[in-house]
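Have the sequence and the model side by side while you read.

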Amino acid sequence: MRDGVRETRGGGPRLRFAPSPTGYLHVGSARAALYNWLVARREGGRLVLRIEDTDAARGREEWVEGILDVLSWLGLDWDEGPYRQSTRTERYREVAEQLFRSGAAYYCDCTREAVDERAKAAGRPPGYDRWCRTRGLGPGPDRALRFAVPLEGETTVADRIRGEVTFSNAQLDDFALLRSNGAPLFLLCNVVDDADEAITDVVRGEDHLPNTPKYQLLWEAIGARPLPRFAHLPMLVNERRQKLSKRRDPVRVEDYRAEGYLPEAMCNYLALLGWGPENDQEVLELDELVAQFSLERVNHAPAFFDPVKLRHFNGVWIRRLDPATFRARCEPFLRAAPWPADAFDAAAFTRLAPAVQERVGTLSEVVGMVSFLFEEPLQMEEAAWAKLARAPETPAILVAARASYADVAWEAEPLHAATAAIADAAGLKLRQAQAPIRLAVTGRLVGPPLFDALEALGRARALERLDRAIERAATA
RNA sequence: GGCCCCAUCGUCUAGAGGCCUAGGACACCACCCUCUCAAGGUGGAGACACGGGUUCGAAUCCCGUUGGGGCUGCCA
């Protein structure tokens with residue numbers, strides 16, 4: 001083995017996750033990573049992380065860091081790597097050279113234009129026509145190296161999910177191994193690395209299935225070791241049933257992270273896309289997934305990535321957090337919030353946090369639910385205020401609350417009782433009476449339970465806000 | 001166009017020939033609970049794409065049709 005790529009001896013399967021650093025981690029890639037991780041853990045194998053950064057034009061160091069960071073955040077660790085293809089160019093060239101010498105590959109100086117023209121002139125569909133296969137070209141500038149696919153016979157892929165898939169070799173084209181500038185291409189690097197890293201199981205997206213016969217033929221030409229087993233996962237699609245697109249669809253895992261999705265929820269939901277447990281228990285943590293997961297039970301059909309259901313799972317996972325953990329996970333979101341840093345009051349937040357925890361689908365929603373505690377002046381929902389201020393009972397309710405709250409014991413229960421009394425006196429339901437008070441004090445019509453909110457806010461600020469609202473109502 | 005994959009409620013799935021009057025979850029609707037909103041509880045509507053076989057029996061097996069999707073780069 002070269003370049004620090006080593007082979008572990010003995011035992012279990014070896015899997016790999018091999019993202020290309022072309023952007024941030026895509027949810028589809030995350031699911032592939034998760035499935036690889038689950039299989040490795042479940043079957044007592046090892047997971048290799050490999051960065052497929054052969055295309056220098058694309059790779060960027062920060063992309064790589066971003067991917068590693070998100071994988072770690074998800075809780076998916078790896079046993080080896082990250083290995084980088086960009087450090088192994090010589091190795092790929094060496095294998096390419098062997099393939100040329102053995103006659104398994106040949107040099108080609110056709111330009112893209114020439115290939116297209118020939119196809120058009122002959123009325124064939126576009127694609128390479130093996131023009132140089134018998135020309136006996138040697139290496140040289142502007143010559144790509146192509147693999148000489150057998151003209152006859154069939155190649156069968158044994159897929160753990162789909163069973164056997166057979167391709168006719170004649171249908172495969174003589175794909176390129178090296179670019180005319182000498183740079184190694186995907187299939188070559190992929191196969192060489194899988195061989196050098198002693199990969200035994202390839203678990204990847206279904207979009208790779210048509211590549212697999214080429215992969216196998218190349219593998220055999222290199223002649224290293226037994227072919228890995230394959231498993232091609234169904235695609236993740238959008239509402240239009242198309243492969244998720246980076247442009248149109250929300251696919252960046254780190255965007256979900258930034259919005260306050262929990263890694264537990266993300267893994268749980270992703271696991272359920274293409275696979276389902278045998279019983280009805282769908283909320284599962286990573287180790288439960290490891291215990292139950294099985295590639296053979298993975299579905300064949302594409303799955304819609306449903307952000308709504310993800311959010312539901314996220315809410316479930318948020319509610320499962322113990323109070324201290326919930327507060328800790330909220331911290332980054334509270335720190336980035338729109339109020340001045342010194343306005344944050346940890347005690348007030350702690351008082352209200354349990355009520356908030358039950359009500360949010362993402363951590364970023366916490367900010368809006370507690371902002372009334374920290375922002376000054378209060379942001380008022382003007383549309384709601386305009387409507388409520390016109391209601392005939394509003395001024396009286398506010399005035400009565402102002403008076404009553406001035407000397408009630410400042411805890412949720414007494415506040416509740418006091419407000420109920422006000423409602424009673426006004427001949428209103430508590431639900432009706434609390435609305436103007438809530439709006440005056442929190443600026444919103446919905447939020448955590450009013451009396452908990454009042455308690456957390458404190459008497460002085462609550463009275464102040466009631467005063468201000470009474471004033472506004474009077475001048476309206 | 002060619003090659004390949006796929007097909008159970010709107011969505012994600014359970015279902016490996018009789019256990020299916022097709023189960024669960026999200027979303028939806030109603031009711032309950034309730035200081036708003038959520039959460040929770042109860043109930044409801046909602047699917048085996050179609051057509052042929054095979055079989056005593058098919059959502060499950062086979063073939064075809066239709067419909068989706070992927071690949072078809074000197075990208076990965």
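A residue is called near a molecule or strand if one of its heavy atoms lies within 4 Å of it. By that rule there are 62 residues around RNA strand B, and Cys110, Arg241, Lys243, Gly274 and Gly447 come nearest. Sugar and phosphate make up 73% of the atoms of RNA strand B that come within 4 Å of the protein.

This is a predicted model, in which local features need pLDDT of at least 70 and side-chain atom pairs count only at pLDDT 80 or more, while totals for chains, interfaces and linings use all residues. Residues are numbered from 1 along each chain as its sequence is written, chains are lettered from A and ligands numbered from 1 in the order in which they are written, and side-chain values use heavy atoms, with hydrogens and water left out.

How confident is the predictor? The score called pLDDT is its confidence in each residue, from 0 to 100. Chain A has an average pLDDT of 93, and 97% of its residues score at least 70. Over residues 1-9 the pLDDT is below 50, and this stretch has 24 contacts beyond near neighbours in sequence, a contact being heavy atoms within 4.5 Å. For the complex, the predictor gives an ipTM of 0.96 and a pTM of 0.94.

Now return to the RNA. A polar contact is a pair of N or O atoms within 3.5 Å; within protein, one must be able to donate a hydrogen and the other to accept it, and residues adjacent in sequence count only if both atoms are side-chain atoms. Which part of RNA strand B does each residue meet? At phenylalanine 304, a backbone N or O atom lies 3.0 Å from a phosphate oxygen. At lysine 309, a polar side-chain atom lies 3.1 Å from a base nitrogen. The elements that give two or more residues to this surface are β5 (144-147), β7 (163-168), β12 (303-304), α10 (307-320), α17 (430-442) and α18 (450-457). Helices (H or I, at least four residues) and strands (E, at least two) are DSSP runs, numbered from the N terminus. By class, the surface near RNA strand B has 25 nonpolar, 17 polar and 20 charged residues. Here Ala, Val, Leu, Ile, Met, Phe, Trp, Tyr, Cys and Pro count as nonpolar, Asp, Glu, Lys and Arg as charged, and the others, Gly among them, as polar.

The next topic is pockets. On a 1 Å grid over the protein atoms alone, a pocket is an open set of points where a 1.4 Å probe fits, with protein on both sides within 12 Å along at least five of seven lines; lining residues have an atom within 4 Å of a point. Grid points are joined across faces, edges and corners, and a volume is the space filled by probe spheres set on the points. The largest pocket holds about 1,200 Å³ of space. Its lining has 42 residues, and Ala18, Ser20, Ser29, Asp207 and His208 are the closest to its centre. Helix α1 gives the most to this lining, with 5 residues.

The second largest pocket has a volume of about 380 Å³. Among its 18 lining residues, Arg112, Val115, Tyr128, Arg146 and Ala176 lie nearest the centre. Two or more residues come from each of α4 (112-122) and β5.

The peptide bond from glycine 81 to proline 82 is cis, with omega near 5°, and proline 82 is in strand β3 (residues 80-84). The bond from glutamate 376 to proline 377 is also cis, with omega near 0°; proline 377 is in the loop between α13 (364-374) and α14 (382-389).

How values were computed. pLDDT = per-residue confidence, 0-100.
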